[in-house]
Amino acid sequence: TPAFVQSKGADLYRRSLYSTWKRTTPVPSMMTFDATSREACTVRRPATNTPLQALVLLNDVQFVEGARALADRLMQKPMSDEARLRSAFLALAGRAPDVNEMRILDQALQEQRAEFKRVPTDAEKLLKVGDAKVTSKDSIEVAALTVVAQLIINSDAVVWSR
């Protein structure tokens with residue numbers, strides 16, 4: 001079997017929708033989310049929620065870069081924090097956040113903003129993950145929004161379909 005070679009440029013993002021799938025060896029991150037091995041027919045996939053899933057959603061380059069791209073896109077238009085948080089939640093969860101979710105997201109944004117202001121090199125490190133370039137000049141704000149987008153991606157509103 002030939003080794004996997006990551007695509008570059010625009011092909012990187014086109015190909016991120018597809019995975020090479022071998023009959024008996026599913027992609028490791030897909031196994032974490034209960035993908036079957038395809039050795040036998042499966043009528044129903046089990047639904048689990050494990051710490052490994054959170055690790056994939058928080059650390060896999062594809063998810064980190066996706067969260068960062070959303071944060072960068074939200075920075076392109078002048079908006080309030082509330083509007084940015086609502087837009088991010090709607091884009092990721094497909095619905096508006098409730099009052100409690102908004103409170104948590106706003107608190108997380110304030111905490112991350114303060115943390116990245118305290119240690120700006122951490123913001124720069126986060127913004128270097130993946131191949132896409134950040135277009136916004138405010139690295140602290142993009143980094144804080146990236147972490148909030150990761151929080152949303154890792155929430156039950158996104159992980160579980162109801």
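Modeller: Asp60 caps the N-terminal end of H4, with a side-chain oxygen 2.8 Å from the backbone nitrogen of Gln62. Helices here are DSSP runs (H or I, at least four residues), numbered from the N terminus. This is a predicted model: local features need pLDDT of at least 70, side-chain atom pairs count only at pLDDT 80 or more, and totals for chains, interfaces and linings use all residues. Residues are numbered from 1 along each chain as its sequence is written, and side-chain values use heavy atoms, with hydrogens and water left out.

H4 covers residues 61-74. The expected span of a helix is 1.5 Å times one less than its number of residues. For the 14 residues of H4 that gives 20 Å, and the end C-alpha atoms are 20 Å apart, so the two agree. Its buried residues (under 20% relative accessible area, 1.4 Å probe, protein chains only) are Val64, Glu65, Ala67, Arg68, Leu70, Ala71, Asp72 and Leu74.

Now the core. The largest nonpolar core has 29 residues, and Phe116 and Val148 touch the most other members. Such a core is a set of buried Ala, Val, Leu, Ile, Met, Phe, Trp, Tyr and Cys residues joined through side-chain atoms within 4.5 Å. H4, H5 (81-93), H6, H7 (120-127) and H8 (139-153) each give two or more residues to this core. H8 gives the largest share, nine residues.

Val148 touches Leu85, Leu105, Ala108 and Leu109, not counting residues up to four places away in sequence. Contact means heavy atoms within 4.5 Å.

Notes. Buried means under 20% relative accessible area, exposed over 50%, partly exposed in between (1.4 Å probe, protein chains only). A polar contact is a pair of N or O atoms within 3.5 Å; within protein, one must be able to donate a hydrogen and the other to accept it, and residues adjacent in sequence count only if both atoms are side-chain atoms.
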